[in-house]
Amino acid sequence: MEHWNSTLGGGFMLMGILKDSRSPELLWATLAVLYMLALTNNGLLLLLITVDARLHVPMYLLLGQLSLMDLLFTSVVTPKALVDFFRRENSISFGGCALQMFLALTLGGAEDLLLAFMAYDRYVAICHPLNYMVLMSTRVCWLMVGMSWILATLNALGHTLYTMHFPFCMSRKISHLLCEIPPLLKLVCAEASKYELIVYVTGVTFLLLPLSVIVTSYALILFTVLHMPSNEGRQKALVTCSSHLTVVGMFYGAATFMYVLPSSLHSPKQDNIISVFYTIVTPALNPLIYSLRNKEVIGALKRVLGKYRLQTYPNF
């Protein structure tokens, strides 16, 4: 079979979920609304955490980074998919595909690691409250954030360079919403089984190690919460942790399906649905999950709105 590479000036065709839908216009409108929700909710949460001094604590610093990652992650994928549908054009250049893959892997990997650090933060806050400001100092917090970004970037760079060095078949159609490793490897015209094994091992390591930290942290938290004498303290801890566990379940469930389960167990159509879930749906829902039942975030919103109203209408 003939093959081509970047030197020939070729590109790919992203055959995303909108192409396979029976009602593409309705699906497009739904994705557009979800994207606007993701932009608005994550942007507002970032603004509140930045301007309200009461939210300048480790938990909200990490939450702000999560919102930033979600905002960037969905922006790497969604605008192109929506605009391409309008233009009836679904091509992406070789370089554009490589860039999209690198950014998606970086942001997805960073969020994966950050969620584990957020679980550790909740463990320290609930199980070791007296040592919280020592174990979760601002310096430690920024170290966690830096590690998330750096490790994810290095992992993404290695995978992007190696994936894109393969010769690709003349069939340039990627049956996926974005450029990701599994669907791209299906177009490779060379032996890639060893690299597929490396992708699998990396996926297991990047997903299951942080997940084990999360499970261990919450097992210890649950044990501590059940022995709390105060009903109010128990309820507050459970509300905070349930929000985090909901986000963890959505993100890790989708990522595990995509990168850990063997490709024989899922079809391109299922992959498309899952990719929409973790690139569009989850970023739109995360800030709502964290803020709707969080009195501190709602209080910060009221203070910011009150301050704005006072500045705009000083006589009222």
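pLDDT is the predictor's confidence in each residue, on a scale from 0 to 100. This is a predicted model, in which local features need a pLDDT of at least 70 and side-chain atom pairs count only at pLDDT 80 or more, while totals for chains, interfaces and linings use all residues. Residues are numbered from 1 along each chain as its sequence is written, and side-chain values use heavy atoms, with hydrogens and water left out. The protein chain averages a pLDDT of 84, and 90% of the residues score at least 70.

Next, the overall build. Helices (DSSP runs of H or I, at least four residues) and strands (runs of E, at least two) are numbered from the N terminus. By that count the protein chain has 11 helices and five strands. Confidence is lowest in strand β1 (residues 3–4), with a mean of 50, and highest in helix α6 (residues 138–164), at 94. Of the 316 residues in the protein chain, 48% are buried, where buried means under 20% relative accessible area, exposed over 50%, and partly exposed in between (1.4 Å probe, protein chains only). Contact means heavy atoms within 4.5 Å; among contacts between residues at least 6 apart in sequence, 79% join residues at least 24 apart.

Now find the sheet. Two strands pair if DSSP finds at least two bridges between them. Three strands form an open sheet in the order β3-β2-β5, with mixed pairing. Because β3 (91–93) and β5 (173–174) stand at the edges with a single partner strand each, one side of each is left without a neighbour in the sheet. Strand β2 (residues 11–14) runs antiparallel to β3, joined by three bridges, and Phe12 stands opposite Ile92 in β3. Helix α4 (residues 94–127) packs on this sheet, touching β2, β3 and β5, and its direction makes about 85 degrees with that of β3; axes here are lines fitted to C-alpha atoms, for helices over the stretch in contact, and angles run from 0 to 180 degrees between N-to-C directions. On the other pairing, β2 and β5 are parallel over two bridges, with Met13 opposite Lys173 in β5.

Helix α3 (residues 58–87) has 30 residues and reaches 44 Å from its first C-alpha to its last, close to the 44 Å expected, a span defined as 1.5 Å times one less than the number of residues. α3 bends by about 35 degrees at Ser75, with Pro79 following within four residues; the bend is the angle between axes fitted to the seven residues ending there and the seven starting there. Since 22 of its 30 residues are buried, α3 is largely enclosed by the rest of the structure. Just after α3, Arg88 takes a positive phi of about 55 degrees. Helix α8 (residues 193–226) has 34 residues and should span 50 Å; its end C-alpha atoms are 48 Å apart, which agrees. Buried residues in α8 include Tyr195, Val199 and Thr202.

Those three lead us to His159, which sits in helix α6. His159 is buried, with a relative accessible area of 8%. Leaving aside neighbours within four places in sequence, His159 is in contact with Leu105, Ile181, Tyr195, Ile198, Val199 and Thr202.

Finally, look at Phe277 in helix α10 (residues 268–292). Phe277 is partly exposed, with a relative accessible area of 31%. Beyond its neighbours within four places in sequence, Phe277 is in contact with Met250, Ala254, Thr282 and Pro283.
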